[in-house]
Amino acid sequence: MKLDLLAIAAHPDDVELTCGGTLLKMAQKGYKTGILDLTAGEMGTRGTPETRAKEATRAAKILKVSWRATLGVPDSDVQPTRQHKLQLARVIRELRPHTVILPYWEARHPDHYHASTLGYEGCFLAGLKQLPIEGEPFRPFKILYATAFEGMPPTFIVDITKQYETRRRAILAYGSQFRPAKSEKKQRVFLAIDELDARMDLMARHHGQKIGVKYGEPFLQKELMAVEDIVGLPVRSI
Ligand SMILES: [Zn+2]
């Protein structure tokens, strides 16, 4: 399968939370999209890997994602090791994505910043001819970093106003993470569903407002943006 866009992240639900609206928007434009979860999220406090796998499949369907898989890196131990990089490079050669979305390279959770490095280096290695793996050498054209949880100014924001409700449903598909079982009620709830909902809304509104729309998702790229038509630029200045 050849993908136009592949989002890579450490845990199932990371992609939905940071760039789910954008993935859906691109699928609606006719692009073939995919999600690669590096781990199965087996260290999560709630939900078994089996439940999380079912939830991830459901969420992918809601976001019209054509391909989703787990790389099999151990949760809470995502490291850019040679072995993991080669595993990832093999997937990149197989899917040949034009654009790849990675987590931003600084984060609180070590899995998230390691996922960023592993993602970048896996994409790089995939292009080396002498690599001891199968497949034709290939490198994605563009690498973007999802910065929804980070404070730095993004390079651009995607308007996801029309996709927001569907993205919300995809996030809520992860019931085991956000809807504690009755027996669990007395424990401290890490992130209850109503709080998650409010936080998602606030974050997407915050980014949307910066480009004059209701909801948005922010991205950063290391390169500068080239502009062809400065008269046609969007987002009002005054
Ligand atoms: Zn995560």
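Here is a short chat about the zinc site and some ring contacts in a predicted model.

Trainee: Before we start, what should I know about the numbering and the model?
Mentor: Residues count from 1 along each chain as its sequence is written, and side-chain values use heavy atoms, with hydrogens and water left out. The model is predicted, so local features need pLDDT of at least 70, side-chain atom pairs count only at pLDDT 80 or more, and totals for chains, interfaces and linings use all residues.

Trainee: Which residues coordinate the zinc ion?
Mentor: Donors are N, O and S atoms within 2.8 Å of the metal (3.2 Å for Na, K and Ca), and water is not among the atoms, so sites may look incomplete. Here the contacts run at 2.1 to 2.4 Å. They come from His11 (ND1), Asp14 (OD), Asp14 (OD) and His112 (NE2).

Trainee: Is Asp14 buried or exposed?
Mentor: Buried means under 20% relative accessible area, exposed over 50%, and partly exposed in between (1.4 Å probe, protein chains only). Asp14 has a relative accessible area of 11%, so Asp14 is buried.

Trainee: How does that label work out for His112?
Mentor: The relative accessibility of His112 is 24%. That value makes His112 partly exposed.

Trainee: What kind of pair do Phe156 and Phe219 make?
Mentor: Rings of Phe, Tyr and Trp (its six-membered ring) pair if their centres lie within 6.5 Å; planes under 30 degrees apart count as stacked, over 60 as edge-to-face and the rest as tilted. The centres of Phe156 and Phe219 are 5.7 Å apart and their planes lie at 25°, so the pair is stacked.
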